[in-house]
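Work through the following exercises with the structure open beside you, and try each task before reading its solution.

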Amino acid sequence: MLAFVLRRLASAVPTLFIVVTISFFLMRFAPGGPFNLERPLPPATMENLMRAYQLDQPLWRQYLTYMGNAVTGDFGPSYIYKDNSVAELIGKGLPYSVELGFYALLLALVGGVIVGTIAALRQNSALDFAVMSVATIGVTVPNFVVGPVLTLIFAIMLAWLPAGGWGDGSLRFLILPMIALALPQLAVFARLTRGSMIEALRTDHIRTARAYGLPAKSVVVVHAMRGAMLPIVSYLAPCAAALLTGSAVVETIFTIPGVGRYFVLGAINRDYTLVMGTVVLIAIFVIVFNLLVDILYGLLDPRVRHD
Amino acid sequence: MAETQKTMEPILAVRDLKVSFTTPDGDVDAVKGISLDVRPGETLAVVGESGSGKSQTMMGIMGLLAANGRVSGSAKYRGQEMVGLPPKALNEIRGAKITMIFQEPMTSLDPLYPVGKQIAEVIVHHRGGTRKEARPRVLELLKLVGIPEPERRIDSYPHEMSGGQRQRVMIAMALANEPDILIADEPTTALDVTIQAQILKLLRDLQKRFDMAIVLITHDLGIVRHFAERVVVMRRGEIVEQGGTAGIFENPQADYTRMLIEAEPHGRKAAPPDDAPIILEGRNVVVDYKIDGGFLKQRASTFRAVDNVSISLREGQTIGVVGESGSGKSTLGRALLRLIASKGAYRFGRTDISGLDRTGMRPLRRSMQLVFQDPYGSLSPRQTVGEIITEGLYVHEPQLSRADRDKRAIAALKEVGLDPAARNRYPHEFSGGQRQRIAIARAMILKPQAVILDEPTSALDRSVQGQVIELLRDLQSRYGLSYVFISHDLSVVRAMSDYVVVMKDGKIVEEGPTDAIFSAPREDYTKTLIGAAYNIGP
C-alpha cells in the first residue's frame with residue numbers, strides 16, 4: 001500500500017511538470033501581456049516594467065528561471081496585485097475556498113446519494129420522476145442564476161440570511177454560497193447514484209441476498225450500496241478538486257475572498273504568474289484527490305487492492 | 001439434524017401456480033398454472049429448455065421475480081402459504097427452510113465481502129448471535145463442502161476462488177441453516193465437466209446426510225438420469241409430463257419428452273482418407289501471454305497458454321479440440337488463424353503463413369473463418385443481419401454491387417435455414433440458435449475452406465444444439481469444409497469429429513481417432529473427462 005502511494009506520488013512529478021510547461025507557453029503565446037492596458041503606457045515605462053519583471057529576457061530563459069523558482073516554492077510576484085506574491089495571494093484566499101468547498105462537497109455527496117438511492121428504489125414511480133426532474137434542472141441551471149435567485153429569496157425577501165461576505169465565518173454566511181456551489185454537483189451525484197444503484201440491485205448477488213431472507217435494509221445498504229458507490233467515488237476526485245479550489249462565479253456573487261476569482265482575473269489580465277500559480281494549485285488538488293480516490297477504491301473493492 | 005419422517009406427505013405443494021410478466025408488448029405468461037409436489041428427502045428434477053418457465057416457477061415461489069413479475073396460485077410449505085406472504089414472513093422461510101443455489105457461481109456471491117462473512121451473515125440473520133460466534137460453524141460448513149484450507153479460505157474474497165469453489169461456498173451457505181428443501185437452479189451448467197461431477201456428488205452426499213429434498217432445475221438430461229428420483233418436464237410454462245425417472249427415460253409419454261431424450265447428438269460422418277491433403281497446419285505452436293507490470297513497476301511475467309502443440313487439419317476433416325476452461329483450446333484456435341501473436345510454423349494449404357503480418361494474411365482470411373461461442377456478444381447489435389453477414393464481402397470481393405451482395409446474403413441465409421427476410425432485421429430479434437445460424441452464415445458467405453468453430457453450440461439448448469450440429473455437418477459435406485471444433489462438451493465433439501485432441505494446461509494430453517479416444521482412452525486425464533461426462537453420479 002505504502003509502495004503504491006509512493007509510486008503514485010513519484011509519477012505525479014512528471015505530470016505536474018508537463019502541466020506547468022504547457023500552461024507556461026500557452027499563456028505566453030496568447031496575444032497581449034500584463035501591461036497592455038486600454039491606454040498604452042509610454043514606451044520607456046513599458047521597457048522599465050519589462051526589465052523589472054525580466055520579461056525582456058528570451059522566453060526559454062524566462063521558463064528556466066520560472067521553473068527554478070517554482071521548485072523552491074517561489075511562484076513570483078503578481079503583475080496586477082503588485083504588493084503581493086502569488087504564493088501570498090493563494091495562501092490568503094485558499095482557506096476560504098477550501099472551507100466553503102468542503103461544505104459544498106459534503107452537501108452534494110450526501111444529498112446526491114440519498115436522493116439517487118430513493119429514486120433507484122422507487123424506479124419509474126412518480127417520486128423517481130419528480131426527484132430526477134429536479135436533478136436535471138440542477139445540472140442545467142447555471143450557478144450565476146441560482147446564486148442571485150437564492151439571494152433574492154432568502155436574503156432580500158425573507159431576510160433570513162446574509163446576502164454575501166464572509167462575516168465572522170459562521171454558518172449563516174456559508175449557507176447560500178454553499179447551496180449555489182453544491183447544487184449542480186448534487187444533481188450529478190444523484191443521477192450517478194440512481195443509475196448505479198439500479199444496476200447494483202439487478203445483480204446476481206443481490207438475488208442471492210434476497211433468496212437467503214436478508215432484510216431489505218441490509219440488502220440495500222450492505223450489499224447494493226457499497227458496489228454502487230464505485231462510480232460515485234470515481235467522480236469524487238474531479239468534483240472535490242473543482243469545489244475546493246473555489247468558483248469564480250459563486251465567490252464573486254457572494255463576495256467571498258477565496259482563490260476562485262484569481263484564475264479568471266489572472267487569465268483576463270495576462271497576469272502570467274498568477275495564472276501559473278492557480279494552474280499548479282488545481283493540478284496538485286486533482287492529483288492528490290485522484291490518489292485518495294484510488295486508495296478509497298481499494299478499500300471499497302477488494303478486487304482492486306493495491307500491493 | 002432434522003428428524004423428518006419419510007412420509008409421502010409433500011413438504012412443498014404447488015397448485016395451479018402462474019407467473020406472468022408485464023412488458024411493453026403486453027403480459028407474458030411464463031408459467032401457466034402448474035401443480036407439483038416436493039416430498040421430504042427426495043430429488044425432484046424440473047427439466048425443460050430455456051423459456052420453459054422452470055426457473056421462474058421457483059423464483060415465483062421464493063418471491064424473487066423481477067419487478068415486473070407477478071405470481072398467483074398456491075405454494076404451501078408445510079401447510080404455510082408462500083404466495084402473497086409479506087416479505088418479513090417470507091424471509092423466515094427463505095434462507096432457512098428453503099434455500100437456493102444458482103447457475104452463476106461467478107456472480108452469485110457479493111464480490112466485496114469475504115465468503116466467510118457472507119455465510120455468517122445468513123446464519124446470524126436466521127439464528128441470532130454475532131458473526132464471531134458463527135465463525136466456527138462457518139468453518140465447519142466450508143470443511144463439509146470440501147473447501148481446502150478452510151481456515152485460510154474463510155477470509156478469501158469470491159474473486160480469489162475458482163468457479164467450482166464458489167459453487168461450494170454457495171452450497172455451504174445453502175446448508176448453513178439445515179434447510180428442508182434445496183433448490184438448485186442449473187447448479188453445474190457454468191462449470192467444467194470434472195467439476196460438475198464433483199459438485200453433483202457433493203450435493204448427493206450432503207442430501208443423504210441432512211435428509212433434505214433437492215429440487216434440481218436443469219436442461220441436462222444426463223444429470224437428471226443419474227441424479228433425480230422423479231422428473232417434471234416443462235415446456236412453455238406447462239408441465240408436459242411427470243413421473244419416476246426410470247419410467248420417463250424408458251417410456252416417455254409426451255412427444256416433447258421423447259424429442260428431448262433423442263436430442264442427444266448422435267451419428268457421425270465418415271472420416272476423410274488418411275492421405276487427404278493438409279489444409280491448415282500449426283507446428284510447435286507456442287502462445288505466451290504477457291502480464292504487464294505497469295509504470296514504475298517491474299514485475300512483468302508471462303503465462304504460457306499454449307505449449308508446443310502441433311496440429312494438422314486435412315481437407316474434409318473435423319478435429320475436435322477438447323479441454324476444460326483454461327486448457328488453451330480457444331487460444332490454439334486463434335493462433336492457427338494467426339489472429340494472435342504466437343511462435344511456431346504455420347501453413348495454409350501449400351502456403352507458409354508463419355511470417356505473414358496482418359496485410360499478408362488478409363487475402364487468405366476469407367478461406368479461414370471463425371465462429372464464436374457467444375451468439376449474443378459476437379453480433380453487433382447496431383447492424384442489421386444483412387450488414388453483418390455481408391461485411392466480409394466488402395473486403396474480399398469489393399467488386400460486388402449492392403444487388404450482388406444482397407443476392408449473396410439471401411443465399412447464405414437460406415443455406416443456414418433462415419428466412420431471407422431476416423437480413424433487414426437486427427440480431428436482438430432472434431433467438432440464440434438463430435443468432436448462431438447468422439454467425440455461421442457470416443462465415444459461410446465467404447466460401448471458406450477451413451473454419452474454426454469455438455464452442456459454437458455451448459450456449460444453446462440441447463434440441464437447438466442438435467439442429468446446429470446437423471447444419472454444420474450438412475455444410476461440411478456440401479462444400480468439403482474442414483473444421484477445428486473446439487468444445488468442452490464431449491457428446492457434441494463425439495458427434496462432430498473424426499479426430500480428437502485432448503488439451504490440458506496448454507499441452508496435448510492425448511490425441512487420436514474419435515472412436516479410439518472415446519472407447520479406449522489411454523491417459524488418466526482423458527478417462528476422468530469422459531467418465532465425468534458420461535457417468536455423472538456414483
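UniProt positions are given in the numbering used here, feature names are shortened, and annotations may be inferred rather than shown by experiment. Keep in mind throughout that this is a predicted model.

**Exercise 1.** Find which residues of chain B UniProt lists for "domain: ABC transporter", and describe the span 14–261.

Solution. The unreviewed UniProt entry lists residues 14–261 and 280–530 of chain B under that name. Turning to residues 14–261 of chain B, we find that the span is 39% helix and 27% strand, and that its end C-alpha atoms lie 26 Å apart.

**Exercise 2.** Decide whether A:Ala240 is buried or exposed, and say which residues it contacts.

Solution. Begin by locating A:Ala240 in helix H9 of chain A, which covers residues 216–244. Its relative accessible area is 1%, and because buried means under 20%, A:Ala240 counts as buried. Leaving aside neighbours within four places in sequence, A:Ala240 is in contact with A:Leu105 and A:Phe289.

**Exercise 3.** Classify the ring pair of A:Phe189 and A:Tyr235 as stacked, tilted or edge-to-face.

Solution. There are ten aromatic pairs over all chains of the structure. For A:Phe189 and A:Tyr235 the ring centres are 5.4 Å apart and the planes stand at 75°, so, with over 60 degrees counting as edge-to-face, this pair is edge-to-face. The pair links distant parts of the chain, since A:Phe189 belongs to helix H7 (residues 171–201) of chain A and A:Tyr235 to helix H9 of chain A, 46 residues apart. Finally, A:Phe189 is buried at a relative accessible area of 0%, whereas A:Tyr235, at 24%, is partly exposed.

Technical notes
Residues numbered from 1 in each chain as written. Chains lettered and ligands numbered in written order. Predicted model: local features only at pLDDT ≥ 70, side-chain atom pairs only at ≥ 80, totals over all residues. Heavy atoms only, no water. Helix = DSSP H or I, 4+ residues; strand = E, 2+ residues; numbered from the N terminus. Buried < 20%, exposed > 50% of the residue type's maximum accessible area, 1.4 Å probe, protein only. Contact = heavy atoms within 4.5 Å. Phe/Tyr/Trp six-rings, centres within 6.5 Å; stacked < 30°, edge-to-face > 60°.
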